[in-house]
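I opened my notebook to look up how charged side chains pair up in a protein model. Here is what I wrote down as I went along.

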Amino acid sequence: MSNNIDIIFTQPSEVSNMPAWDAYKDDARKRGALALELFVVESVPVGGPASVPENLEKHLAYQPELESKGTLGLAGPVSNAAGDMVEGAGLIIYRAASLTEARAIADADPMHASGARTYSLRRWLINEGSLTITIGLSTKAVSLS
């Protein structure tokens with residue numbers, strides 16, 4: 001009796017019959033969707049949240065640098081699954097020309113460069129939704145909702 005096991009590797013598109021990314025983006029534009037490509041980083045502590053505070057000051061200094069360059073879209077911590085605690089994880093949205101460029105930006109984040117956090121990176125195509133920006137002219141207040 002043979003103990004050989006055949007393993008078949010397939011591409012995700014072969015498994016799900018989903019189109020390639022660029023083809024989907026082109027189709028979204030053709031149907032009138034926004035098709036704005038951004039990059040989403042899910043940043044999680046390595047070995048628990050203990051090393052996050054040690055690198056927080058440098059990380060928080062890096063974020064405004066990216067914001068001033070127009071690279072940082074949104075960023076902030078996320079809760080645990082119950083929604084009642086901070087666990088040292090965060091989501092970051094980058095504006096970049098490519099996945100390679102977005103990876104370089106994420107790699108340079110002090111949280112990732114120090115090894116305090118690791119991250120996953122994905123392309124994100126924004127097609128729908130809305131934002132409301134309120135600017136108070138006399139109060140000089142700005143709010144986003």
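**Entry 1: counting.** I started with a simple tally, and the structure holds 3 salt bridges. I kept in mind that this is a predicted model. I also reminded myself of the general idea: side chains of opposite charge can pair when their charged atoms come close.

**Entry 2: aspartate 22 and arginine 123.** I looked up this pair and found their side chains joined in a salt bridge, with 3.4 Å from N to O. Where do the two partners sit in the chain? I found aspartate 22 in helix H2, which covers residues 21-30, and arginine 123 in strand S4, residues 117-126. They are 101 residues apart, so I noted that this pair links distant parts of the chain.

Next I checked how open each partner is. Aspartate 22 has 46% relative accessibility, so I put it down as partly exposed. Arginine 123 is partly exposed too, with a relative accessible area of 31%.

**Entry 3: lysine 25 and glutamate 37.** I then turned to a salt bridge between lysine 25 and glutamate 37, where the closest N and O atoms are 3.6 Å apart. Here lysine 25 belongs to helix H2 and glutamate 37 to strand S1, residues 36-45. The two are 12 residues apart, and this pair also links distant parts of the chain.

Entry 4: I looked up the value for glutamate 37: its relative accessible area is 15%, and it counts as buried because that is under 20%.

**Entry 5: a look at histidine 59.** I finished with histidine 59, which I found in helix H3, residues 52-69. With 6% relative accessibility, histidine 59 counts as buried. What does it touch, leaving aside neighbours within four places in sequence? I listed Ile92, Asp109, Pro110, Met111 and Arg117 as the residues in contact with histidine 59.

How values were computed
Residues numbered from 1 in each chain as written. Predicted model: local features only at pLDDT ≥ 70, side-chain atom pairs only at ≥ 80, totals over all residues. Heavy atoms only, no water. Salt bridge = Lys/Arg side-chain N within 4 Å of Asp/Glu carboxyl O. Helix = DSSP H or I, 4+ residues; strand = E, 2+ residues; numbered from the N terminus. Buried < 20%, exposed > 50% of the residue type's maximum accessible area, 1.4 Å probe, protein only. Contact = heavy atoms within 4.5 Å.
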